[in-house]
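Please read them alongside the sequence and the structure shown below.

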Amino acid sequence: MAKPINPYLVLMLAAVLPGAGHVALRDAARGLAFAFFVVFFSVITYMTAPPDRSFIGRHAGGIFVWALSVPDAYRRARIRTVMARKS
């Protein structure tokens, strides 16, 4: 079994680019799904938010999904690391 990737590296990748932490874990489908939904909900929020909102307010849907993907990637990396140590 290959050595698992460092969970802190996965955390950093996930924080920098949506889905990148999952792709580093070799779970590309999940990473690309997160990236797709970040873009999708950013566009939906942008189209429905009033023009006087800030950048964060106009993209809040995508930022929310991105915020959900970061701990998910870290948790998956941490679980793989712990399971690799047990075996």
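**Notes on salt bridges and the nonpolar core**

1. Aspartate 27 and arginine 76 form a salt bridge through their side chains, with an N to O distance of 3.5 Å. The model is a predicted one, and the distances in this note should be read accordingly. The pair connects distant parts of the chain, 49 residues apart. Aspartate 27 belongs to the loop between α2 (20–24) and α3 (28–48), whereas arginine 76 belongs to helix α5.

2. Is arginine 76 buried, exposed or partly exposed? Its relative accessibility is 26%, so arginine 76 counts as partly exposed; the cut-offs for that class are 20% and 50%.

3. Arginine 76 also meets aspartate 72 in a salt bridge between side chains, at 3.6 Å from N to O. Both residues lie in helix α5, where they are four residues apart, about one turn of the helix.

4. Aspartate 72 forms a salt bridge with arginine 75 as well, and here the closest N and O atoms are 2.8 Å apart. These two residues are separated by about one helical turn because they stand three residues apart in helix α5.

5. Aspartate 72, with a relative accessible area of 7%, is buried. Salt bridges with shared partners join Asp72, Arg75 and Arg76 with Asp27 and Arg30 into one network.

6. How many salt bridges does a search of the whole structure find? The search finds four. Among them are the bridge of aspartate 27 with arginine 76, that of arginine 75 with aspartate 72, and that of arginine 76 with aspartate 72.

7. Which residues make up the largest nonpolar core? This core has six residues, namely Val10, Ala14, Leu25, Val70, Ala73 and Ala77. Two or more residues each are given to this core by α1 (7–16) and α5 (60–86). Helix α5 supplies the largest share, three residues.

8. Valine 70 is one of the core residues. Leaving aside residues up to four places away in sequence, valine 70 touches Leu11, Ala14 and Ala15.

Definitions and conventions: Residues are numbered from 1 along each chain as its sequence is written. This is a predicted model: local features need pLDDT of at least 70, side-chain atom pairs count only at pLDDT 80 or more; totals for chains, interfaces and linings use all residues. Side-chain values use heavy atoms; hydrogens and water are left out. A nonpolar core is a set of buried Ala, Val, Leu, Ile, Met, Phe, Trp, Tyr and Cys residues joined through side-chain atoms within 4.5 Å. Buried means under 20% relative accessible area, exposed over 50%, partly exposed in between (1.4 Å probe, protein chains only). Contact means heavy atoms within 4.5 Å.
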